[in-house]
Amino acid sequence: MAAPQRLFDIRRVIGGLFLVYGVILTVTGLLDDSHAIGKAEGVRINLWTGIAMLVVGGAFLLWERLRPSDAPAPSTEEPSE
């Protein structure tokens, strides 16, 4: 299980969002009809954008896994009043 200080690492949040939206766009791109492809001048833009988002999301999660952030050292000073 992840340490509490790593639960809210922004790289995990961003990577997860990119993966979720990437899956949605990839599925949409695979199911596009000829009218949607024609509007994009023959390019399956949803598919390519979804794949790119999956790659970026995976890169963020890999970065977070390979270079975890260290927890800040606990302060030894007493709080001032």
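The following legends describe an overall view and close-up views of a predicted model.

**View 1. Overall fold of the predicted protein model.** The protein holds three helices and zero strands, arranged along the sequence in the pattern α-α-α. Of its 81 residues, 17% are buried. Among contacts with a separation of 6 or more, 70% join residues 24 or more positions apart. The accessible surface amounts to about 6500 Å², and carbon and sulfur atoms contribute 66% of that surface.

**View 2. Arg11 in helix 1.** Arg11 belongs to helix 1, which spans residues 10–30. Arg11 is classed as buried because its relative accessibility is 9%, under the 20% cut-off. Its side chain forms a polar contact of 2.8 Å with the side chain of Asp9.

**View 3. Residues in contact with Arg11.** With residues up to four places away in sequence set aside, Arg11 touches Phe60, Leu61, Trp63, Glu64, Arg67, Pro68 and Ser69.

**View 4. Leu54 in helix 3.** Helix 3 covers residues 45–66 and includes Leu54. Leu54 counts as partly exposed because its relative accessibility is 28%, which lies between the limits of 20% and 50%.

**View 5. Leu54 and Val23.** The C-alpha atoms of Leu54 and Val23 lie 7.0 Å apart in space, while the two residues are separated by 31 residues in sequence.

Methods: Residues numbered from 1 in each chain as written. Predicted model: local features only at pLDDT ≥ 70, side-chain atom pairs only at ≥ 80, totals over all residues. Heavy atoms only, no water. Helix = DSSP H or I, 4+ residues; strand = E, 2+ residues; numbered from the N terminus. Buried < 20%, exposed > 50% of the residue type's maximum accessible area, 1.4 Å probe, protein only. Contact = heavy atoms within 4.5 Å. Areas by Shrake-Rupley, 256 points an atom, 1.4 Å probe, with all protein chains shown as cover. Polar contact = N/O pair within 3.5 Å; in protein donor to acceptor, adjacent residues only side chain to side chain.
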